[in-house]
Structure formats: C-alpha cells, structure tokens
Amino acid sequence: MNNQKQQKPTLTGQRFKTRKRDEKERFDPTQFQESIVQGLNQTGSDLEAVAKFLDASGAKLDYRRYAETLFDILVAGGMLAPGGSISDDLTRTEFCLFTAQEDLETMQAYAQLLLFLKGFTESERNKLAMLTGILLANGNISAAVIGSLFNENVVKEGVSAAFAVKLFKSWIYERDINAVAVALRKVGMDNRLMELFPANKRSCEHFSKYFTDAGLKELSDFARNQEAIGSRKELQKELQEMMARGDNFKDIIAYVREEMKKTSISEQLMIGIVWSSVMSCVEWNKKEELVCEQSIKHLKQYSPLLKAFTSQGASEIILLVKIQEYCYDNIHFMKAFQKIVVLLYKANVLSEEAILKWYTEAHVAKGKSVFLEQMKKFVEWLKHAEEESESEEEEEN
C-alpha cells in the first residue's frame, strides 16, 4: 500500500484578476477625512480653489459613501464623535463653516458648498442659521426643515427662537416676507411658528415682542395675521355648527358678539364670516334654475342674523360685495343676485343708500355687467322713491 500522500491537483497557466465589483472595499471614514483635510489645508481659504479641489477629489473619493463625514468636515472642520463633539484624534481643517466670518456675504459663498448643516456654539449656530436662510431663499431646501426647531429640548433652552431670528433675517434679506409666507404655507409651517417658544410663552403677544425687538416686525405681523385667520376659521366653524343645530338666533348673535370682542374682529369682517356661514347652511337643489327660488326661501329665515351685523353702512357694502362674488362664483346664482338683494332690502338688512352706493361705485369686477343690468330697474325705482320722499318732506316743511 502506498503511504505517500496524494498530491492535490493545481491550476497552472494564466492568473485571473479579481473584478473590482467582487471586492468589498473597507469602510474607512478616518482615511477619507485625512485625505480631505490635507487637501483643504493645502488649498487655503480661497473658496474657488476649494471648490476645484473638492470637484477633482470627487472623481477619486466616494462622496456618496462618505457624505456624512464630508459634511462634518465642511461644517465643523472635522468628523464628529458620538455625542456631537469634534474628534481630537484627527487633524481638523480651518476651512469650515464654523470658523468663517459671521456675515451674509461669507455665508452666501459657503452656501455653494454646503447642503447639510449642524451647529453647536452660539456663533456656529448663527452661521448655520444664516446659511439655512440663504438655502431656503434660493429654494435649495424645503421649509419643512424648520420643523426640526420644534424639538422640545431645543425649544426649552431658547435655542430655537434665537436660531429662527438669524434664519428669517437672512431669508427675508434674500427674498421678502411674501415669498417666506408662501414657502411656509406650502409645508404647513405657517401656523406653527408659536412652537418656537415653550408652552408658557406661546402667545401672539410674546412672539410679536420677541421678533419685533429682534428687527423682524414683518415676521411678527405675519404670525399675528395667521393667528387671526385661525381664530376666524374656528369662529366660522362654531357658527356653522350652531346654525346646523338650529340654535336660537339670540344665542348665536350673543356668542358672535362676544367672540368679536375677544378677538377684535370688526363688524365689516364679521359680516363676511356670517354670510359664508349662512350660505353653507342654506339647503338647495343644484339642478337647473329652480335652485334660486328654493335657496332664497331658505335665505330669508337667516335675515335676522345678517341684520345683526350690518349696523354700519360699510358693513352693508361688504355684504353686497360678498353676495356679488358668491353669485359669480356659483353659476346657478348668476340670475339670483337681484332677488337676493331685494329680499334683504325688504328685510331691512340692506338700505337704499348702500345699494345705490354699491351700484354707482362700490361694486367689484366679478360679473359686473350682468349684475348691474339686473339691478338697473330696481335702482331706478329706489332713486324715484327717494325723490318722492324728498318732495313729500319739502311739502311738509
């Protein structure tokens, strides 16, 4: 028996190289940082040169894989250790957001390089906020990022409000308050700005004073307006519910007047809310033209409610304009405008003075020619009646 070990077969000839995609490259953020920091330190503080270096390095270094490390370097100067501190074991670059000058021009330059931001000291947070404002103004990021400021712990420390001041200042400086308002509304942040403060300071008065004192009166006015809009929406909702339940008009009127005092809503504003609420409760059949007759019958029962909030001539004009806009926006009511006005005239909601003023100068463009034509005969009758009344008074005197 042969005790010698049998030799294993071997491959000879050409050696095959392992394909790169079959190799698993080791994840090494430390080595990545050393490469980037060394390059940045050699490049200096010239932003154009830095941009060229980063662009060239992107062909050799995997920015996508080391994105978080790259952003840590560009923002804080070095890779962040667990807990948010800068690692002392690694070289830190002086070319970063937190060591830059604290002015808008410098931040605008950094905005070309940075897309993701973190901050720690007051000065670093200020720079971060200013840059965020610029990025928001340029549309590089969504206003939804503001939601991160509503974190309870950050709000408690007062960091959120201070950060917001710098952010909104740079944002408004780049654009204007109208552009800011549109962006906030798009992501549902327009009604959440009060959350920048702790619950015990979450009031329109505190918000207004804080941001006005900080030089942001436009933002203060915007927030106050948003709160007023919110209050009006809640009032209209409650009013509609009371009407739907069939509550007594006396109770409804008392409730509305109390809310007007609380929220400082004028009668001119209130009549618009009452009109919208009334029309949302009026039942009608939207088939064909019979809709008008049925709706007007239902509308008549709400005339005492409308009368309660048209004690001033200006309120009557507002109501007439609201009726005009409603009839224009709802095609089935295009022919009903004159009937509604006459009904409310007979119910002493609208005076002849208000109707004549609306006819001659206070109407709006919506459906103007149609509605003026509808009102022509009634207006002539009002003028004739007025002339007769004046003649009778002269005879009596």
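How many helices and strands are there in the chain? Hi everyone, the answer is 18 helices and zero strands, taking DSSP runs numbered from the N terminus, with H or I over at least four residues for helices and E over at least two for strands.

Before going on, a note on the model. It is predicted, so local features need pLDDT of at least 70 and side-chain atom pairs count only at pLDDT 80 or more, while totals for chains, interfaces and linings use all residues. Residues are numbered from 1 along each chain as its sequence is written, and side-chain values use heavy atoms, with hydrogens and water left out.

Now the overall picture. Of the 397 residues in the chain, 39% are buried, meaning under 20% relative accessible area with a 1.4 Å probe, protein chains only. Among contacts (heavy atoms within 4.5 Å) with a separation of 6 or more, 63% join residues 24 or more positions apart.

One spot to look at is S295, in helix 13, residues 290-300. S295 counts as buried because its relative accessibility is 2%.

What about cysteines? C204 is buried at 3% relative accessible area, and C327 is buried at 0%. A search of the whole structure finds zero disulfides, where a disulfide is a pair of cysteine sulfur atoms within 2.5 Å.

Lastly, an unreviewed UniProt entry lists residues 225-252 as "coiled-coil region"; such annotations may be inferred rather than shown by experiment. In the model, residues 225-252 are 89% helix and 0% strand, with end C-alpha atoms 25 Å apart. Thanks, everyone!

Terms used. Buried means under 20% relative accessible area, exposed over 50%, partly exposed in between (1.4 Å probe, protein chains only).
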